[in-house]
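Welcome, and thanks for taking a look at this model with us. Have the sequence and the 3D view open as you read the briefing below.

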Amino acid sequence: SPSSPKHQSTDQEKYGVLNVTKITENGKKIRKNWTSSWAVLQGSSLLLQGTGASWKFGGNQSKPEFTVDLKGATVEWASKDKSSKKNVLELKTHTGTELLIQSDNDGWIREWYTALCNTTGNPIRE
Ligand code: I3S
C-alpha cells in the first residue's frame, strides 16, 4: 500500500528483510547460520545483503552479499524436519545450493513465496 513503501513491491521487483540460512553449498551440507538479510528480488536473481558487519553467508563466502540465480530453482514450503521455525521456505538452485528463507510475519513470507514461485515457475501451494 502507499502508506507502507517498504512493503510495496511487485512480483518483478521486491525487497525487504528476511531471515535466511544456507543449508547446502555445491551439494554439500553445511552448518546452519540464520541471519537477517536485506533481500532484493530482481528479474531472475535474488540478492541477499548482510544487515551487519559480521554477516557471513556460507562457507566460502567472503563478501557481505550473495546472489542467488533463480533460473531452474525450486521453491517450496520447507518440511518440519528442516527447521523448528514457522513460515520456512526452501529454495534449491540448479547448482546445488539450498537456502531456507523465513519470516515470522505470515503475510510477508506468503508474498515472498508467491513472488519466488512466479519468478521460478514453481506451483503455488497452500
Ligand atoms: O537443523 P538444526 O541443526 O537443528 O539447526 C539449528 C542449529 O543450527 C542451531 O544452532 P547450533 O548449530 O549452534 O546448534 C540454531 O540455533 C537453530 O536456529 C537451528 O534450528 P532451526 O530449527 O531454528 O532452523
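In which loop is Gly 43 found? Gly 43 is in the loop between S3 and S4. This is a predicted model, in which local features need pLDDT of at least 70, side-chain atom pairs count only at pLDDT 80 or more, and totals for chains, interfaces and linings use all residues. Residues are numbered from 1 along each chain as its sequence is written.

**Confidence**

- The predictor's confidence in each residue, pLDDT, runs from 0 to 100; its mean over the chain is 88, and 82% of the residues reach 70 or more.
- Over residues 1–10 pLDDT stays under 50, and the model has five contacts beyond four places in sequence for them. Two residues are in contact if their C-beta atoms, placed from the backbone, lie within 7 Å.
- For the complex, the predictor gives an ipTM of 0.90 and a pTM of 0.87.

**Overall architecture**

- The chain has one helix and eight strands, and from the N terminus on the order is β-β-β-β-β-β-β-β-α. Helices (H or I, at least four residues) and strands (E, at least two) are DSSP runs, numbered from the N terminus.
- Of the 126 residues in the chain, 23% are buried. A residue is buried if 20 or more other C-beta atoms lie within 10 Å of its own, exposed if 12 or fewer, and partly exposed in between, with C-beta atoms placed from the backbone.
- Among contacts between residues at least 6 apart in sequence, 42% join residues at least 24 apart.

**Strand pairing** (two strands pair if DSSP finds at least two bridges between them)

- S1 and S3 pair in the antiparallel sense over eight bridges, and Val 17 stands opposite Trp 38 in S3.
- S3 is joined to S4 by six bridges, and these strands run antiparallel; here Gln 42 stands opposite Ser 45 in S4.
- S4 and S5 also run antiparallel, with five bridges between them, and Leu 48 has Phe 66 as its bridge partner in S5.
- In a regular strand the side chains alternate between the two faces of the sheet. In S5 the covered face has Phe 66 and Val 68, while the uncovered one has Glu 65, Thr 67 and Asp 69.

**The nonpolar core**

- The largest nonpolar core has 19 residues, and those touching the most other members are Leu 46, Leu 48, Val 68, Leu 91, Leu 99 and Ile 101. Such a core is a set of buried Ala, Val, Leu, Ile, Met, Phe, Trp, Tyr and Cys residues joined through C-beta atoms within 7 Å.
- Two or more residues of this core come from each of strand S1 (13–25), strand S3 (35–42), strand S4 (45–50), strand S5 (65–69), strand S7 (88–92), strand S8 (98–102) and helix H1 (106–120).
- Not counting residues up to four places away in sequence, Leu 91 touches Val 68, Ala 73, Val 75, Leu 99, Ile 101 and Leu 116.

**Loops and positive phi**

- The hairpin of S3 and S4 has two residues between the strands, and Gly 43 takes a positive phi near 60 degrees there.
- Gly 43 counts as exposed because it has 10 C-beta neighbours inside 10 Å. The C-alpha atoms of Gly 43 and Thr 119 are separated by 7.5 Å, although the two are 76 residues apart along the chain.
- Asn 26, in the loop between S1 and strand S2 (28–29), has a positive phi of about 50 degrees although it is not a glycine. Asn 26 is exposed, as 11 other C-beta atoms lie within 10 Å.
- Asn 87, in the loop between strand S6 (74–77) and S7, is another residue other than glycine with a positive phi, near 60 degrees. Why is Asn 87 buried? Asn 87 is buried because it has 20 other C-beta atoms within 10 Å.
- Asp 104 lies in the loop between S8 and H1 and is exposed, with 10 other C-beta atoms within 10 Å. Leaving aside neighbours within four places in sequence, Asp 104 is in contact with Lys 86 and Asn 87.
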